[in-house]
Amino acid sequence: MTKDAVDVIIDQWRDERPDLDDLLPMEVFGRVYRVAAAIGDRMERAYQRLGIGRGEFDVLATLRRAGEPFNLSPKQLSDTLMLTTGGMTGRLDKLETAGLITRTPDPGDRRSLRAQLTPAGRELIDEAVPAGLAVQREALSRLDPADARRLGDLLRELAAAVTR
């Protein structure tokens with residue numbers, strides 16, 4: 001097996017700090033971070049070809065996953081995407097200007113608006129999701145399918161353990 005950049009870092013720490021006996025956490029999370037950053041960059045390029053960034057993708061995808069009539073309150077979007085309401089407002093402004101969403105009055109609260117996909121927004125997100133999946137699928141194609149499934153299972157367990 002070829003050494004990667006994380007192996008080099010681990011070796012350097014072992015040389016400099018032999019008292020650090022368990023560097024496995026650094027090894028695992030170093031690789032998780034590097035994989036996430038590399039795939040994130042590739043996904044960003046795939047979405048840029050469609051005229052959106054990952055932030056806009058996230059909003060459009062959340063609205064699309066909500067099902068008909070593809071609308072949510074800014075609070076629901078903020079909670080799902082773990083964004084401040086100010087950050088959400090900026091994204092919604094950009095998407096509305098691009099004609100990908102509209103803001104409609106909330107029938108349950110006259111003081112509130114709901115973000116709703118436009119037909120153009122739905123068409124765009126329905127093109128963007130497969131583009132992102134292609135990037136992810138290509139990256140996973142380097143693993144045996146059973147290993148990819150096991151990796152998904154292990155990451156689910158880790159995510160559950162660290163997000164409680």
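Are Asp 106 and Arg 114 buried or exposed? Asp 106 is buried, and Arg 114 is buried too. Buried here means under 20% relative accessible area, exposed means over 50%, and partly exposed lies in between, with a 1.4 Å probe and protein chains only.

A word on the source. This is a predicted model, where local features need pLDDT of at least 70, side-chain atom pairs count only at pLDDT 80 or more, and totals for chains, interfaces and linings use all residues. Residues are numbered from 1 along each chain as its sequence is written, and side-chain values use heavy atoms, with hydrogens and water left out.

Back to that pair. Asp 106 and Arg 114 form a salt bridge, at 3.7 Å from N to O. The rule for a salt bridge is a side-chain nitrogen of Lys or Arg within 4 Å of a carboxyl oxygen of Asp or Glu. The whole structure holds 15 of them.

Two others to look at. Arg 17 bridges to Asp 19, with the closest N and O atoms 2.7 Å apart. Arg 17 is partly exposed, at 36% relative accessible area. Glu 138 bridges to Arg 142, and there the closest N and O atoms are 2.8 Å apart. Glu 138 is partly exposed at 36%, while Arg 142 is exposed at 61%. Shared partners also link Asp 4, Asp 7, Glu 27 and Arg 31 into one salt-bridge network.

Now the helices. They are DSSP runs (H or I, at least four residues), numbered from the N terminus. Find α2, residues 24-48, and α6, residues 119-140. Their axes come within 9 Å and cross at roughly 145°. Those axes are lines fitted to C-alpha atoms over the stretch in contact, and angles run from 0 to 180 degrees between N-to-C directions.

Which residues meet? From α2, they include Ile 39, Met 43 and Tyr 47. From α6, they include Ala 128, Val 135 and Glu 138. Contact means heavy atoms within 4.5 Å. By class, this contact has 8 nonpolar, 2 polar and 2 charged residues. Gly counts as polar in that scheme, and Tyr as nonpolar.

Last, the rings. There is 1 aromatic pair. Tyr 47 and Phe 57 have ring centres 4.2 Å apart and planes at 10°, so they are stacked. The rule: centres within 6.5 Å make a pair; planes under 30 degrees apart are stacked, over 60 edge-to-face, the rest tilted. Tyr 47 sits in α2 and Phe 57 in α3, residues 54-65, so the pair ties together parts 10 residues apart in sequence. Tyr 47 is buried at 2%, and Phe 57 is buried at 14%.

Definitions and conventions: Helix = DSSP H or I, 4+ residues; strand = E, 2+ residues; numbered from the N terminus. Phe/Tyr/Trp six-rings, centres within 6.5 Å; stacked < 30°, edge-to-face > 60°.
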